[in-house]
Amino acid sequence: MWTVRRCLLLAALVVLVSHDAMLAPVDPKKQKAAENEAEKQEESTDTGLHYDSYLQEVVKALETDPEFKKKLQEADIEDIKSGKLSAELNLVAHNVRTQLDELKRTEISRLRKLQRVRMDMQNGRNGMHQGDLRDVKKMFQDFNHVDHSNPKSFEEEDLNKLIQAVVEDLENYDQKRHLEFKRYEMVKEHQRREKLNQLNEEERKKEQERFEEMQRKHKDHPKMNHPGSKDQLEEVWEADGFQREEFNPRTFFDMHDQDGNGYLDPMELEALFQKELDKVYDERAEEDDLREMEEERARMREHVLREVDTNKDSMVSLTEFVDATKRKDFDQPEENSFEPLDDTDFFSEQELEEFEQQLAKEAAELRQKEVELARQRVEHQQKRQQLQQVKIKQKQVVQMNQEQERQAAAQGEDTLKFETNQESVQAAPGQEAIQEAQPAETAEHAGQGDGGKPAEMHEPVAAVAGEAVAVGGNLQPEGQAGEEQAQHQEAQQPSA
């Protein structure tokens, strides 16, 4: 839940600037102090809006243009709310427009991511369904601070939408806060009764007595002053070190206008109520609920703004403050015009009963979702197991194929070796046959001539052979001629 300080610290952002820039000219004597204070509070100026970062960056970029900043300071709040100031965007410097374009593109990207996360959570990451289109349409309704029809550039319509979104969200803040606090109180009472139902009769009686005693202790405190009344402000004035009879509205206003801008903003107003809250709430006391204390603070701020803030800009000017101190009800507030939480019934028994029925319905829906999630979890695990089994089978098939290929390769090597050996064995008789065939081939070649060619192709050789026949008769084989020559020589030699 938004805290009051964070949500409304920049209530002046309804005019799209920090409270220093949007208001009346600052007193020169306080200018430097205000700038130092603004620097200290820069990190804490969070409106609590979900687009706060985008809002702050746009304001910062616009303020870098001197002309636009001047027009912003001089503009009437109603003119800004109505969108008249948006038309001045066309006169902003080019470098500022470029920066605004980049800021918008970044914000559009953030919103789309946020919507995807939201849809994933709603759909249980089961993909698109018929509700997704409605979800996208709802995104345009929820994230209405930008112009989604033009996602690339920051135009006049974007500034106008941003202004309207801030105005609507801040104006509806208190209403939303009331509903949230009412729900908080009903939940607290529902849990208390549920606890009692789980106890036996004796324990239930003791617990009820303890609860009533805590209520009595909480209500046993000094009476609270009416917020914004003379008595209430004089107590603050006295705590500041002054005498009650010396109360001066202008001096009081200047002392509590912390940033010196001439206005009491919501945070500065709520700071005035701390002394009253300390009368009722103690953070160390078990009977005091600090959530209720913050609600009481916000209710006081609402009451003062209703009574004093005549132009309804969520701040109190010096003129409005001084005028309020001159009215009769400043000294004597109307009775029952402000009702503290202790005297307020947040809900009726019928409202509590309806709320408990709604809680029961939500609990049943939650249980149903848990059952559905459990079923989906089982299905997911089964699918994972099936997928794992498929992977194992695929791995086994791959291993089998690899083993078969390896065995086939090894068998092929053995077959090649065997065939090589067989060829070697068959080559030996074949070589002998080749050698025996060579003389016959030689004789054949001799008849055919060299290279197996016909004899007539070797006429010189034939002529020589003919001369040999003519001289020595028939030619004998070389071995036979040698033998006869040896026998002839032996016959020529004398015997020994």
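Reader: Which residues does Glu207 touch, not counting residues up to four places away in sequence?

Author: In this predicted model, Glu207 touches Lys195, Leu196 and Leu199 once residues up to four places away in sequence are set aside. Glu207 itself is found in helix α11, residues 201–219.

Reader: Is Glu207 buried or exposed?

Author: Buried means under 20% relative accessible area. Glu207 has a relative accessible area of 18%, so this residue is buried.

Reader: How does Glu296 read by the same rule, buried or exposed?

Author: Glu296 counts as buried, because its relative accessibility is 1%. Glu296 has its place in helix α16, residues 290–308. Leaving aside neighbours within four places in sequence, the contacts of Glu296 are Met224, Leu277, Tyr281, Phe338, Pro340 and Leu341.

Reader: At what angle do the axes of α10 and α16 cross?

Author: Angles over 145 degrees count as roughly antiparallel. The axes of α10 (residues 173–197) and α16 cross at roughly 150 degrees and come within 11 Å. The two helices, α10 and α16, are therefore roughly antiparallel to each other. The crossing in which α10 passes α16 is left-handed.

Reader: Which residues make the contact?

Author: From α10 come Tyr173, Asp174, Arg177, His178, Glu180, Phe181, Tyr184, Glu185 and Lys188. From α16 come Arg291, Glu292, Glu295, Ala298, Arg299, Arg301 and Glu302.

Reader: How many of the residues in the contact of α10 with α16 are nonpolar, polar and charged?

Author: The contact of α10 with α16 has 11 charged residues, 4 nonpolar and 1 polar.

Definitions and conventions:
Residues are numbered from 1 along each chain as its sequence is written. This is a predicted model: local features need pLDDT of at least 70, side-chain atom pairs count only at pLDDT 80 or more; totals for chains, interfaces and linings use all residues. Side-chain values use heavy atoms; hydrogens and water are left out. Helices (H or I, at least four residues) and strands (E, at least two) are DSSP runs, numbered from the N terminus. Buried means under 20% relative accessible area, exposed over 50%, partly exposed in between (1.4 Å probe, protein chains only). Contact means heavy atoms within 4.5 Å. Axes are lines fitted to C-alpha atoms, for helices over the stretch in contact, and angles run from 0 to 180 degrees between N-to-C directions. Angles under 35 degrees count as roughly parallel, over 145 as roughly antiparallel, 65 to 115 as roughly perpendicular and the rest as oblique. A crossing is left-handed if the near helix is turned anticlockwise from the far one by less than a right angle, and right-handed if clockwise. Ala, Val, Leu, Ile, Met, Phe, Trp, Tyr, Cys and Pro count as nonpolar, Asp, Glu, Lys and Arg as charged, and the others, Gly among them, as polar.
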